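Me: Could you walk me through how the helices and aromatic rings sit in this one?

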Amino acid sequence: TLRKAAGTAPTRIFEAKERLFGADVPELKFWHDAAGWCPHCMVSWTVLEEMRIPYVMETTPLRAYLRPGEKKRQRLVPVIQLLDRQRSASGSWAFQSPMKDVGRGEQVCQMLAARYPEKKILPQGAGRRALLDEHLGLFLQLQRAHSAY
């Protein structure tokens, strides 16, 4: 049959619990919303994939999807927790407390670019970098305007 010939479908990225890209251990834990709708999570996720940084994932529901009395496991998403190499053992990973000041997509991207310079995806030329910084500034202005509502 066709189904048998096609074989088993690979795990979809959204459903995967880890993306190690051939590494033995993850570099970080990435928390995102369970529905996959958070735009900051989408930006962060795309950059993690593009840079091929090994990570594991956890999800938490958006507030609107909580059942009565249910508590969120993380308050805001995206959340990044770096691997704690001293507390991690073979096959059992421990992670540091959530990073502060990386709660928006562009902040996660900037942190990843600074932490993993060998995996460059940001423009390196002065002119292109200035254009990127200008666009990030416009993005922040849009966010501030939206938060007033």
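**Helix packing and aromatic rings**

Reply: H2 passes H3 in a right-handed crossing, where right-handed means that the near helix is turned clockwise from the far one by less than a right angle, and left-handed anticlockwise. Helices are DSSP runs (H or I, at least four residues) and strands likewise (E, at least two), numbered from the N terminus. This is a predicted model, in which local features need pLDDT of at least 70 and side-chain atom pairs count only at pLDDT 80 or more, while totals for chains, interfaces and linings use all residues. Residues are numbered from 1 along each chain as its sequence is written, and side-chain values use heavy atoms, without hydrogens and water.

Me: What about Phe-21 and Tyr-55, how are their rings placed?

Reply: Their centres are 6.5 Å apart and their planes at 50°, so the pair is tilted; rings of Phe, Tyr and Trp (its six-membered ring) pair if their centres lie within 6.5 Å, with planes under 30 degrees apart counted as stacked, over 60 as edge-to-face and the rest as tilted. Phe-21 lies in the loop between strand S1 (18–19) and strand S2 (28–33) and Tyr-55 in strand S3, so the pair ties together parts that are 34 residues apart in sequence.

Me: Is Tyr-55 buried or exposed?

Reply: Tyr-55 counts as buried, at 0% relative accessibility, whereas Phe-21 is partly exposed at 23% (buried is under 20% relative accessible area, exposed over 50%, partly exposed in between, with a 1.4 Å probe and protein chains only).

Me: And which residues make up the aromatic cluster?

Reply: Phe-21, Phe-30, Trp-45 and Tyr-55 form one cluster, and both Phe-30 and Trp-45 are buried.
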